[in-house]
Protein chains: 2
Amino acid sequence: MNYSTLAKGTLKGDRKAAARLISVVEDEEEGYREAMKIVFCGTRGAGVLGITGAPGVGKSTLVFEIAKSFRKAGKSVGIVAVDPTSPLTGGAILGDRIRMTDLSADPGVFIRSMGSRGGTGGLSLQTSNVIRILDALGCDEIIVETVGAGQTQVDIMGMADTVVVVTMPGTGDEVQSIKAGLLEIADLYLVNKMDLPGAMNTASDLKSMLDLVDDWKGWKPPVLLASASTGRGLDQMLEFIGRHRAWISQPERFLERRSRQARKEIYDLVTMEVHRMIESKFPSVKLDAIVRDVVQGKLSPYEAAEKVAAFAIR
Amino acid sequence: MNYSTLAKGTLKGDRKAAARLISVVEDEEEGYREAMKIVFCGTRGAGVLGITGAPGVGKSTLVFEIAKSFRKAGKSVGIVAVDPTSPLTGGAILGDRIRMTDLSADPGVFIRSMGSRGGTGGLSLQTSNVIRILDALGCDEIIVETVGAGQTQVDIMGMADTVVVVTMPGTGDEVQSIKAGLLEIADLYLVNKMDLPGAMNTASDLKSMLDLVDDWKGWKPPVLLASASTGRGLDQMLEFIGRHRAWISQPERFLERRSRQARKEIYDLVTMEVHRMIESKFPSVKLDAIVRDVVQGKLSPYEAAEKVAAFAIR
């Protein structure tokens, strides 16, 4: 189908067109790529803020408060809540959206939840498209929230200009519970629920860990304390988000970050293309036979891969 | 270099040759693939048991106890401890190997720690090679231990015949802290440190979660309680591991599992090949220019990927 009408509507600020286009992208309906090419040309360079952390640390409340502050500054806001664990939880982790209703009536706010629908392209490619759709729709600021779930979470956060990793005291092993991949992309740590016992310890553990790294290349992630529900510490967090935004916006730095993101996306898309090619063109009977030979020890996986690659790759 | 001597030595039971070959594989030294083809033909079908969970839940003690019981049954044992978080932690998470010294003096036990050395092939491909080396060396049983770290952990556990997911009471959100990907591959849940308060609650939370799934296709993962340090509950765990082994060993089931593993490995290897091809043959100036066009909004990532794919793919 031709979804260019939805794409063009999105560029004109039509929220319904954008919402429908997002569904098209999520379902990877045929023709969505052509529509995305149009969307891509209409992006305006919205700021992208990533908020991530384990379930229950208070991410949604933070997103709500940050969105409110953007609105006060006269900016339109897109919110994308991505739950990579959704096939199992049924999306329950991001189900706590009650407070969001305050915002959803606001025409300057666009909210969308996404879960894994099992498309071939993967949730992170879909999310990057949704970010672009909201950008093209005219959102000034886009907030992306994910729950902790491995590589997808890391990939999605890699699309943000600024990443806030949220934790809370009292889970025993806060520092180690922050996954390695996240440590590499965090720009700011927030110990939420600062009124709980152990908050200071959690913060100082995080700081000690960060002290082990020598070369921060200009930005050492601050460790902040806050209480999203009472509002304590939120101004400080917003100030640091703004500082990081200013830092990352320096032309060469911005270019480097965006280039890294683009490179990764191109690789992912090429990989997807190769897998699709194998599945569609490589005779499945032949692939099954190769797999069987590997299982029976007649062929090593390397030889098997060479056979498949010889077919697929120039 | 030619490492076939190491591969042949491994097949003859030479532990030193195996240890050196593992290093070659970890460093992805040129020629390691040829050596692995020899190893592959020498595998004997060792049982592979996966043990995973967050840091601090007591995995290493469990591995130690399980290895001891295999030894008592007259079986030789290979232990592979994989820490995907090692670039950041310096391997500290798997540093608690003191008790292993009891075993390391035993010629019937081969122990190896692995961390991410940043090779292009990835830790999970390396681990699958190490499993094969230990299999070809003559280990009857191979135990693979990983700490929780996203997709790599899930991929590595996907190589095991039986996967035990270990948790403990008192971390607040035990069920949600078990990552989605793991839920899909767990064959057995163990609530370790059962003497701590809340152990029964953790177990019943897990059970309630499992009750939400209808179609277990013949094996519903049991939720067991144990205390690895006092030995309580370990016999029961070993019994269930044995039961799962018997269940999974039925020919068609075994074939299905091994086929899935082989298929995934072939895809990973082909993907690696494509990436390597792009990097080695696609002119980097040209790739840089394409990335720049994407960053500047002149080209969509889809068009960029099409350009690269047209070069790489038949």
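Among contacts in chain A (two residues being in contact if their C-beta atoms, placed from the backbone, lie within 7 Å) between residues at least 6 apart in sequence, 75% join residues at least 24 apart. This is a predicted model, in which local features need pLDDT of at least 70, side-chain atom pairs count only at pLDDT 80 or more, and totals for chains, interfaces and linings use all residues. Residues are numbered from 1 along each chain as its sequence is written, while chains are lettered from A and ligands numbered from 1 in the order in which they are written.

Q: How many helices and strands does the secondary structure of chain A come to?
A: Helices (H or I, at least four residues) and strands (E, at least two) are DSSP runs, numbered from the N terminus. Counted in this way, chain A has 15 helices and 7 strands.

Q: Are α1(A) and α3(A) roughly parallel or roughly antiparallel to each other?
A: The axes of α1 (residues 4-11) and α3 (residues 32-41) of chain A, which are lines fitted to C-alpha atoms over the stretch in contact, with angles running from 0 to 180 degrees between N-to-C directions, come within 8 Å and cross at roughly 20°. Angles under 35 degrees count as roughly parallel, over 145 as roughly antiparallel, 65 to 115 as roughly perpendicular and the rest as oblique. The two helices α1(A) and α3(A) are therefore roughly parallel.

Q: Which residues of α3(A) meet α1(A)?
A: On the side of α1(A), the contact involves S4(A), L6(A), A7(A), K8(A) and T10(A). Their partners in α3(A) are E34(A), A35(A), I38(A) and V39(A).

Q: Is S249(A) buried or exposed?
A: S249(A) sits in the loop between α12 (234-248) and α13 (251-281) of chain A. A residue is buried if 20 or more other C-beta atoms lie within 10 Å of its own, exposed if 12 or fewer, and partly exposed in between. Because S249(A) has 12 other C-beta atoms within 10 Å, this residue is exposed.

Q: How far apart are the end C-alpha atoms of α13(A)?
A: The expected span of a helix is 1.5 Å times one less than its number of residues, so the 31 residues of α13(A) should span 45 Å. In agreement with this, the end C-alpha atoms of α13(A) are separated by 44 Å.

Q: What percentage of the residues of chain A count as buried?
A: Within α13(A), the buried residues include Q261(A), I266(A) and L269(A). Of the 314 residues of chain A, the share that count as buried is 48%.
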